[in-house]
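Subject: Structure handover

Hello,

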Amino acid sequence: MRLFSAFPLPDEVADHLAANLPQAPGRLTARLTWHITVVYYGETTPPLIPATLQAPRLKLSGTGTFPGVAWIGVESSPELHTIVKAAGGDPADYIPHMTLSRWPKRHRMSFEADYEGPEWTPAELVLYRSDPGPVYTPVQRFGLLHAE
């Protein structure tokens, strides 16, 4: 069982992205799979995530690539790095992004586009199981605190 923690995109953010979708190389990911990964655990047991985490402000902005992946970047408030650390990740190595498309890693591609989405504050961090398809099944939800 492959597990990861992530913020799902709210409908209004996904709607904005779908309406302003940058032209990306490769095969576009399905809208139902759009999310911002916080930590990928693979087959290891994730840590217990505390219920006292402050929700970050997030905004899709900018673009880039990893080998085989075109992504949209994420602007965030400092609370995101606190969540990454609490969820078992390393904030120093974390590049917040949403995967937009994929291609074989052996091909070199570039992706640059001006995209800026609406800002939002997620209500929860979700632990997902990655199933073939790809299908992401929520396993557990962790509510986040919101500033007054």
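A definition to start: two strands pair if DSSP finds at least two bridges between them. Helices (H or I, at least four residues) and strands (E, at least two) are DSSP runs, numbered from the N terminus. This is a predicted model, where local features need pLDDT of at least 70, side-chain atom pairs count only at pLDDT 80 or more, and totals for chains, interfaces and linings use all residues. Residues are numbered from 1 along each chain as its sequence is written, and side-chain values use heavy atoms, with hydrogens and water left out.

The sheet

Five strands make an open sheet in the order E2-E6-E5-E4-E7, with antiparallel pairing. E2 and E7 (116-120) are the edge strands, each pairing on one side only.

Going through the pairs:
- E4 and E7 are antiparallel and share three bridges. Lys59 has Glu119 in E7 as its bridge partner.
- E4 and E5 are antiparallel over seven bridges. Leu60 is partnered by Val74 in E5. These two strands form a hairpin with two residues between them, and Gly68 in the turn has a positive phi of about 80°.
- E5 and E6 are antiparallel, joined by five bridges. Gly73 sits opposite His97 in E6.

E5 is largely enclosed by the rest of the structure, because six of its eight residues are buried. Buried means under 20% relative accessible area, exposed over 50%, and partly exposed in between (1.4 Å probe, protein chains only).

Ala70 is in E5 (residues 69-76). Ala70 counts as buried because its relative accessibility is 0%. Contact means heavy atoms within 4.5 Å. Beyond neighbours within four places in sequence, the contacts of Ala70 include Ala24, Pro25, Met98, Leu100, Trp103 and Phe111.

The core

A nonpolar core is a set of buried Ala, Val, Leu, Ile, Met, Phe, Trp, Tyr and Cys residues joined through side-chain atoms within 4.5 Å. The largest one has 35 residues, and Phe7, Leu9, Leu17, Ile36, Val38 and Leu60 have the most contacts inside it. At least two residues of this core come from each of several elements, among them E1 (2-8), H1 (11-19), E3 (35-42) and H2 (79-86). E3 gives the largest share, four residues.

Phe7 touches His35, Ile36, Val38, Leu80, Ile83 and Leu144, among others, not counting residues up to four places away in sequence.

The pockets

On a 1 Å grid over the protein atoms alone, a pocket is an open set of points where a 1.4 Å probe fits, with protein on both sides within 12 Å along at least five of seven lines; lining residues have an atom within 4 Å of a point. Grid points are joined across faces, edges and corners, and a volume is the space filled by probe spheres set on the points.

The largest pocket has a volume of about 600 Å³. It has 23 lining residues, of which His35, Thr37, Thr99, Arg102 and Tyr136 are the closest to its centre. E6 gives the most to this lining, with four residues. The lining divides into eleven nonpolar, eight polar and four charged residues. Ala, Val, Leu, Ile, Met, Phe, Trp, Tyr, Cys and Pro count as nonpolar, Asp, Glu, Lys and Arg as charged, and the others, Gly among them, as polar.

The second largest pocket holds about 190 Å³. Its lining includes Phe4, Asp11, Arg31, His35 and Tyr136. E1 and H1 each supply at least two of its lining residues.

Best wishes
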